[in-house]
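Student: Hi! Could you walk me through this protein? I'm new to reading structures.

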Amino acid sequence: MIDIKSLTREDLEKILFKEGFPKFSPIQVFTWIYRKRVEDFSKMTDLSKKLRKYLSENFYFSRLELKERKISLDTTEKFLFKLKDNSLIETVLIPEGKRNTLCISTQVGCKYKCKFCVSGLRGFKRNLEAPEIINQFLEVEDLISPEKITNIVFMGIGEPLDNFENLIRAIKIFMDNKGIYLGKRKICISTVGITPKIKKLIELSLGVKLSLSLHSAISEKRTKIIPVDKKYPLSEVLTALGEFVKKEKFPVTFEYILIKGFNSSREDAQELVNLSKKIKCKINLIPYNPSPYFDWQPPSEQEVGDFKKILKKEGVFFTLRRPRGKDIEAACGQLRARFL
Ligand code: SF4
């Protein structure tokens, strides 16, 4: 038996074509699953009896089990899901005006052990399968109905580019115009900078957005909190991102968590300015959100103000994002860590 949500429409087309079913059948099946949200082949009434029988004998629908749902005072919502092997993952919904952004996990745990991220603390267990990625979207949209998810960011637990095949498969399903039909610019992949995979992404030219966990424009400093910078040095990552911008004709985003006494000085701001002049980009500044798992401290208002002033004076395009969901352990991996 195959999990039907592991297939792109193209995959399903190949299978059904081989079995002699009409060319339009995969479109009908995709519409039932991803538009009408029906997960029972016998209820797909415009399919032939023969096709319904074939589908129910060969395919099944997977679901996630909701373990906990927490709603923050600032309306951020966090969902803890249990997978079939009892692993736990988190998904976060961030409502902002008319936008509902879903932050999706791509792995159980993470092997990169960034020094500010709870997700890496317990190591890596496994990659999520494509249906486990898609089901985060479907489950949350069911729970918040009639509200809809408008944007997704792969910024939850795990490094998305490290689970490349399943990530791309899920993105193709999210973007399918007979299914969920999310626009390419409504999807953002956030990476710590896995250079070979960024190059693979450029080859595919999907049109999705890309953001880099930068956190310091000085490579030697960045290595201290993002150890994988040693393997994929910032200079190489930036070259790959430059190619991405050229191909996609769209700026990349740099995520920059401001940490007191580490990367929030005037010199750090100037280095960030220099870097931003080399590549078409937008910068997201995020004051560090204290966590019981690390000793880092958030910057003072004065430090944030001075940092912003330097960026502004140099004409750098940036936004200041306040950490959301402080009261519901919304920082990546925190809720899962408490359960474990
Ligand atoms: S920031 Fe991303 S890559 Fe780094 S440990 Fe956390 S999940 Fe992994």
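Tutor: Happy to! One term to begin with: a residue counts as buried when its relative accessible area is under 20%, and as exposed when that area is over 50%. Also keep in mind that this is a predicted model.

Student: Okay, so is arginine 222 buried or exposed?

Tutor: Arginine 222 is buried, because its relative accessibility is 0% and the cut-off is under 20%. You'll find arginine 222 in helix α7, residues 219-225.

Student: What is arginine 222 in contact with, apart from its neighbours within four places in sequence?

Tutor: Leaving those neighbours aside, arginine 222 is in contact with Val192, Leu212, Ser213, Leu214, Ser216, Asp229 and Leu234. Val192 also turns up around the ligand.

Student: Oh, a ligand! Which residues surround the ligand?

Tutor: Cys110, Tyr112, Lys113, Cys114, Cys117, Ser119, Gly158 and Val192 surround it. By type, this shell has five nonpolar residues, two polar ones and one charged one.

Student: Switching topic: how many residues are in the largest nonpolar core?

Tutor: That core has 101 residues, and Ile152, Phe154, Phe174 and Phe254 have the most contacts inside it. Helix α5, residues 164-175, gives the largest share, seven residues.

Student: And where does this core lie relative to domain 1 and domain 2?

Tutor: It lies between them, because domain 1 (2-59) and domain 2 (65-339) both give residues to the core. The centres of the two domains are 34 Å apart, taken over C-alpha atoms. As for contacts, 14 residues of domain 1 are in contact with 15 residues of domain 2.

Student: Back to Phe254, what does it touch?

Tutor: Not counting residues up to four places away in sequence, the residues that phenylalanine 254 touches include Leu212, Leu238, Ile279 and Asn284.

Student: Now α6. Which of its residues are buried?

Tutor: In helix α6 (residues 195-204), the buried ones are Thr195, Ile198, Leu201 and Ile202. They sit on the same side of α6, because they cover an arc of only 115° around the axis.

Student: Why would residues a few places apart point the same way?

Tutor: An α-helix has 3.6 residues a turn, so residues three or four places apart point the same way.

Student: Nice. What covers the buried residues of α6?

Tutor: The cover includes α5, β10 (187-191), β11 (209-213) and α8 (234-248). After α6 comes serine 205, which has a positive phi near 45°.

Student: Where else is there a residue other than glycine with a positive phi?

Tutor: Arginine 37 is one of them, with phi near 55°. It lies in the loop between α2 (25-35) and α3 (49-58), and arginine 37 is partly exposed, with a relative accessible area of 25%. Another is lysine 249, where phi is also near 55°. Lysine 249 is in the loop between α8 and β12 (252-258) and counts as exposed, at 65% relative accessibility.

Student: Last one! Which residues does the cis peptide bond join?

Tutor: The cis bond joins serine 145 and proline 146, with omega about 10°. Proline 146 is in the loop between α4 (130-144) and β9 (151-154).

Methods. Residues numbered from 1 in each chain as written. Predicted model: local features only at pLDDT ≥ 70, side-chain atom pairs only at ≥ 80, totals over all residues. Heavy atoms only, no water. Near = heavy atom within 4 Å. Nonpolar A, V, L, I, M, F, W, Y, C, P; charged D, E, K, R; others polar. Core = buried A, V, L, I, M, F, W, Y, C linked by side-chain atoms within 4.5 Å. Buried < 20%, exposed > 50% of the residue type's maximum accessible area, 1.4 Å probe, protein only. Helix = DSSP H or I, 4+ residues; strand = E, 2+ residues; numbered from the N terminus. Domains from an automatic or database assignment. Contact = heavy atoms within 4.5 Å. Arc of directions from axis to C-beta.
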